[in-house]
Amino acid sequence: MGRPRAFDTDQAVRIAAALFATHGFEGTSVDDLVTATGIHRGSLYKVFGSKRSLHLTALRRHLDHEIHPATAAIATLTDPEQALAAAIASYDNGPAAGLLLLSAAERAPHDPDVAALVAEGITALEDALRPSHGDNASQLASTVLGARLRLRARPTTPKEH
């Protein structure tokens, strides 16, 4: 009989999601994950199987705890200006799109599981904007996500780190 798990799996996934959202999949090493979570490498592999599996788990959690709550709130707004302001606040200035966008750019073209999760997140935003923007919802969602991507791509100053 093995020893009971000595760490909180959900907390480890939250920490991993933050690392992946900041540094991307490729920019986050297993050593980074071990250091940030405080979980031994063997335990990390035993629970999650691989860095990829942990990334998928983190992305799923990100959708469930960040993207879907944000889009559910946006979907309740029928006034176009209010819905757009909520989308911008959630995506451009908030945490909702970080991991989603990095996963879309870095992993989705090569990993169908990541691509499916990214598509789910993008579709959720489009669907949330549909009550307020009708047929323009997909274009507006692309604009909101594109603006967030542009913010992520700009160089940072040492003060911002």
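Mentor: Let's begin with a definition: a salt bridge is a side-chain nitrogen of Lys or Arg within 4 Å of a carboxyl oxygen of Asp or Glu. The model here is predicted, so local features need pLDDT of at least 70 and side-chain atom pairs count only at pLDDT 80 or more, while totals for chains, interfaces and linings use all residues. Residues are numbered from 1 along each chain as its sequence is written, and side-chain values use heavy atoms, with hydrogens and water left out.

Trainee: Okay! How many salt bridges does that rule give?

Mentor: The count comes to ten salt bridges. In general, side chains of opposite charge can pair when their charged atoms come close.

Trainee: Which residue meets R52 in a salt bridge?

Mentor: D113 does, at 2.5 Å from N to O. R52 lies in helix α4 (residues 51-75) and D113 in helix α7 (residues 112-133), so this pair ties together parts that are 61 residues apart in sequence. Helices here are DSSP runs of H or I with at least four residues, strands are runs of E with at least two, and both are numbered from the N terminus.

Trainee: Are R52 and D113 buried, exposed or partly exposed?

Mentor: R52 counts as partly exposed at 31% relative accessibility, and D113 counts as partly exposed at 40%. Buried means under 20% relative accessible area, exposed means over 50%, and partly exposed is in between (1.4 Å probe, protein chains only).

Trainee: Which residues are linked with R52 in a network?

Mentor: E26, R107, D111 and D113 are linked with R52 in a network of salt bridges.

Trainee: And what does E120 pair with?

Mentor: The side chain of E120 meets that of R60 in a salt bridge, 2.5 Å from N to O. E120 lies in α7 and R60 in α4, so the pair ties together parts 60 residues apart in sequence. E120 is partly exposed at 28%, and R60 is partly exposed at 29%.

Trainee: What about R130, where is its partner?

Mentor: R130 forms a salt bridge with D127, at 2.7 Å from N to O. They are three residues apart in helix α7, so about one helical turn separates them.

Trainee: New topic! At what angle do α7 and α8 pack?

Mentor: α7 and helix α8 (residues 137-153) pack at about 125°, with their axes 8 Å apart. Axes are lines fitted to C-alpha atoms, for helices over the stretch in contact, and angles run from 0 to 180 degrees between N-to-C directions. That makes α7 oblique to α8: angles under 35 degrees count as roughly parallel, over 145 as roughly antiparallel, 65 to 115 as roughly perpendicular and the rest as oblique.

Trainee: Which residues of α7 meet α8?

Mentor: I122, L125, E126, L129, R130 and H133 in α7 meet A137, S138, L140, A141, V144 and L145 in α8. Contact means heavy atoms within 4.5 Å.

Trainee: How many of those are nonpolar, polar and charged?

Mentor: The contact of α7 with α8 has eight nonpolar, two polar and two charged residues. Ala, Val, Leu, Ile, Met, Phe, Trp, Tyr, Cys and Pro count as nonpolar, Asp, Glu, Lys and Arg as charged, and the others, Gly among them, as polar.

Trainee: Last one: how many helices and strands are there in the protein?

Mentor: There are eight helices and zero strands. Of the 161 residues, 40% count as buried.
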